[in-house]
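These are my notebook entries on one structure, set down in the order in which I looked things up. I begin with the sheet and go on to single residues and the pocket.

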Amino acid sequence: MDQEKQRVREQVWGLLDAANAAHDASVRGRIPDFRGSEVAAGRLANLSQWADAQVIKAVPDKAQLPVRARALTEGKTVFMAVPRLAAQRPFYLLDPTALPVSPAEAASSKVAATIAPKVDVESMLPVDMVVVGSVAVNRSGVRIGRGAGYSDLEFAFLMEAGLISSKTVVVTTVHGLQVVEAELPSTTHDFGVDLIVTPDEVIACPGAHRPSGLVWEDLDADKIASIPALAARAPGR
């Protein structure tokens with residue numbers, strides 16, 4: 001499974017590099033900061049699902065910075081994970097009514113780390129929309145990240161806490177070259193997306209998979225120990 005996912009990543013990274021489709025010198029090993037991310041954010045902002053969303057959980061990747069900036073500008077509350085979830089309170093709270101800098105500045109992950117209070121899962125609000133980055137995604141909503149697994153853990157935390165429900169819309173913004181037609185490998189702890197938004201189109205993905213919560217048997221002891229909020233929830237604690 002891991003080898004198959006990595007094969008897909010290498011394929012997509014190669015396509016993006018060859019087409020000069022990202023701002024990165026090379027996208028290998030990362031979520032691509034794709035060209036046209038601002039256009040994709042604008043296309044997302046024209047959807048009714050966006051208009052209805054007041055609380056957004058977003059990844060800190062550069063490709064999704066325009067989405068975070070637009071959300072804060074429009075008065076939406078944004079939660080963003082602390083890098084590697086390496087804090088007892090593993091999420092930053094970006095409250096648009098209490099920003100000491102402009103929304104565009106606050107949307108930067110580096111700036112957010114200096115101005116935003118950290119909160120634990122229990123202090124968060126129910127999430128209307130989850131915005132994630134991807135390396136690859138297909139039209140059925142199966143996505144592949146860069147392989148670290150933190151987006152899946154964040155999603156599982158919020159599912160277990162009841163903050164993500166069947167009404168929560170899961171979105172990924174990507175370059176068109178990241179949308180693949182083939183089936184993609186997926187495990188029980190991987191979550192799928194409801195919408196794919198590229199600079200050129202919006203793709204609906206009905207019936208995307210969602211895990212019910214943390215799948216402890218898929219987590220090794222080192223991963224659990226490295227994430228305080230995870231260690232505190234581990235069976236037997």
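**Entry 1: the sheet**

I looked up the strand order and found an open sheet of eight strands, S4-S3-S2-S1-S5-S8-S10-S11, with mixed pairing. Strand S4 (118-119) and strand S11 (202-204) stand at the edges with a single partner strand each, so one side of each has no neighbour in the sheet. I took strands (E, at least two residues) and helices (H or I, at least four) as DSSP runs numbered from the N terminus, and I counted two strands as paired if DSSP finds at least two bridges between them.

I note that this is a predicted model, in which local features need pLDDT of at least 70 and side-chain atom pairs count only at pLDDT 80 or more, while totals for chains, interfaces and linings use all residues. Residues are numbered from 1 along each chain as its sequence is written, and side-chain values use heavy atoms, with hydrogens and water left out.

Within the sheet, strand S2 (residues 77-81) pairs with strand S3 (residues 91-94) in the antiparallel sense over four bridges, and Met80 has Tyr92 in S3 as its bridge partner.

**Entry 2: Thr172**

The side chain of Thr172 reaches the backbone oxygen of Val132 at 2.9 Å. Leaving aside residues up to four places away in sequence, I list among the residues touched by Thr172 (heavy atoms within 4.5 Å) Val132, Gly133, Ser134, Val193 and Leu195.

**Entry 3: Asn20**

Asn20 lies in the loop between H1 and helix H2 (37-45), and I noted its positive phi of about 50 degrees although it is not a glycine. Asn20 is partly exposed, with a relative accessible area of 49%.

**Entry 4: the largest pocket**

I looked up the largest pocket, whose volume is about 1,200 Å³. Of the 49 residues that line this pocket, the closest to its centre are Arg146, Ala148, Gly149, Tyr150 and Ser151. A pocket here is an open set of points on a 1 Å grid over the protein atoms alone, where a 1.4 Å probe fits, with protein on both sides within 12 Å along at least five of seven lines, and lining residues have an atom within 4 Å of a point; the volume is the space filled by probe spheres set on the points, which are joined across faces, edges and corners. H7 gives the most to the lining, with six residues.

Definitions and conventions. Polar contact = N/O pair within 3.5 Å; in protein donor to acceptor, adjacent residues only side chain to side chain. Buried < 20%, exposed > 50% of the residue type's maximum accessible area, 1.4 Å probe, protein only.
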